[in-house]
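Here are some quick notes to read with the model open. They cover the charged side chains and where they pair up.

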Amino acid sequence: MTYSENIARLQPSATIAVSTLAKKLAAEGRDIVNLSAGEPDFRTPAGIAEAGVTGIRRGRTRYTPSAGLPELRAAAAAYMTRGTSYPAEAARVVVSAGAKQSLFNACFCLFGPGDEVLIGSPYWTSYPEMVTLARAEPVPVAGSESRGFNLTPDDLEAVATPRTRGLILSTPSNPTGAVYSKAELGAIAGWAGSRGVTLISDEIYQEIYYGEGDRAPGALDLDPDSVGDLVVANGMSKAFAMTGWRVGFSYTTRELAAKMSALQSHVSLNAATPSQVAALEGLTRGEEGAADLARMQAAFRRRRDLVTRLFDELLPDCFYVRPEGAFYLYFRVDHLFDGEVTCAGDLCTRILEEAGVAIVPGEAFGDPRFARMSTASSDEDIEEGVRRMAGVLGG
């Protein structure tokens with residue numbers, strides 16, 4: 001069989017591959033602590049889940065408009081623009097089957113052959129693949145390790161060319177947990193606008209934030225007059241513990257939203273209708289919903305504090321980026337390389353085989369010197385996992 005050039009360079013998701021292997025080993029009876037997956041361990045809040053079930057029982061199982069239920073688009077617009085100067089216009093929002101599809105829609109509509117797209121590195125594993133599927137060229141750009149790899153205009157200017165059409169970054173970051181301040185975002189957005197570069201900001205972890213305020217600064221917090229072309233992606237998966245429901249959304253101009261909706265109409269049409277009903281409940285639950293989010297955020301903060309304390313105590317030679325958001329710890333492991341272990345992939349394999357702990361090698365994120373562990377697990381699993389790793393790594 002001959003395959004299309006569209007997928008000639010496509011690679012499977014490394015994070016999903018590690019998680020799948022860990023689950024397979026556990027099913028075979030191995031004692032595995034799985035700290036690989038970027039998925040909250042909480043159940044979807046009961047009120048949200050019940051809304052989805054009720055929607056099914058009431059027959060809300062038919063197609064919706066490709067851009068999503070009008071009332072959900074309006075709620076998502078209000079959610080994303082809360083406290084900002086951007087208009088809460090439903091016409092600027094497209095609801096998709098997860099934030100991943102929102103990001104893909106943007107890349108496929110904006111980029112093509114001959115275009116270059118800068119990607120903040122380390123990056124979420126799917127960003128380069130999405131750009132490649134659009135037949136454009138991904139260009140990883142790493143900021144300074146001392147800044148948690150956050151980019152500056154100087155970093156971008158050093159690699160930009162006349163072919164540069166886009167910039168993708170995430171804040172809070174997967175995999176580092178680093179967060180861009182409003183000033184840093186403003187500088188990045190200003191550079192992109194001056195260059196005619198579209199900024200795509202993945203803010204799916206915005207509510208999982210350990211700084212001041214109830215959510216991390218985002219691109220929509222900036223003055224619209226100082227920002228050029230912009231797409232912001234968010235969704236229900238992380239903060240609302242709704243990964244399997246597959247509901248994400250994007251906010252951009254009305255014109256681009258219409259084009260993304262048209263694309264989606266030929267790819268998947270609409271996110272599952274019962275999932276959209278549940279998402280609408282999640283975005284409009286008021287005090288009860290806020291209490292659920294606060295409870296989960298408090299647990300994530302406690303786990304962040306736990307894992308950094310354990311690393312300081314048991315693995316003091318492993319540099320890590322102190323997470324200010326999301327639920328990961330990104331740590332450096334190249335000082336542990338030897339004749340047999342020459343990259344993070346080798347080391348993570350050793351940790352899985354000898355300690356029964358699944359973490360993700362940095363190759364998945366563009367840097368084989370690092371590894372990522374998830375803290376979206378119980379306190380007990382986090383402590384057990386780090387202690388097992390320290391036993392193998394000689395901490």
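The points below go through the salt bridges, pair by pair.

1. Before you start: this is a predicted model, where local features need pLDDT of at least 70 and side-chain atom pairs count only at pLDDT 80 or more, while totals for chains, interfaces and linings use all residues. Residues are numbered from 1 along each chain as its sequence is written, and side-chain values use heavy atoms, with hydrogens and water left out.

2. The structure has 30 salt bridges (a side-chain nitrogen of Lys or Arg within 4 Å of a carboxyl oxygen of Asp or Glu).

3. Have a look at Arg-303 and Asp-41, a salt bridge with its closest N and O atoms 2.9 Å apart. Arg-303 sits in helix α10 (residues 287-314) and Asp-41 in the loop between β1 (33-34) and α2 (46-57), so this pair links distant parts of the chain, 262 residues apart (helices, H or I, of at least four residues and strands, E, of at least two are DSSP runs, numbered from the N terminus). Arg-303 is buried at 4% relative accessibility, whereas Asp-41 is partly exposed at 38% (buried is under 20% relative accessible area, exposed over 50%, partly exposed in between, with a 1.4 Å probe and protein chains only).

4. Arg-82 and Asp-214 also form a salt bridge, at 3.2 Å between the closest N and O atoms. Arg-82 is in the loop between α3 (70-81) and β2 (93-96), and Asp-214 in the loop between β6 (198-202) and β7 (230-235), so the pair ties together parts 132 residues apart in sequence. Arg-82 is partly exposed at 39%, and Asp-214 is partly exposed at 48%.

5. Finally, Glu-281, Arg-285, Glu-288, Asp-292 and Arg-295 are linked in a salt-bridge network.
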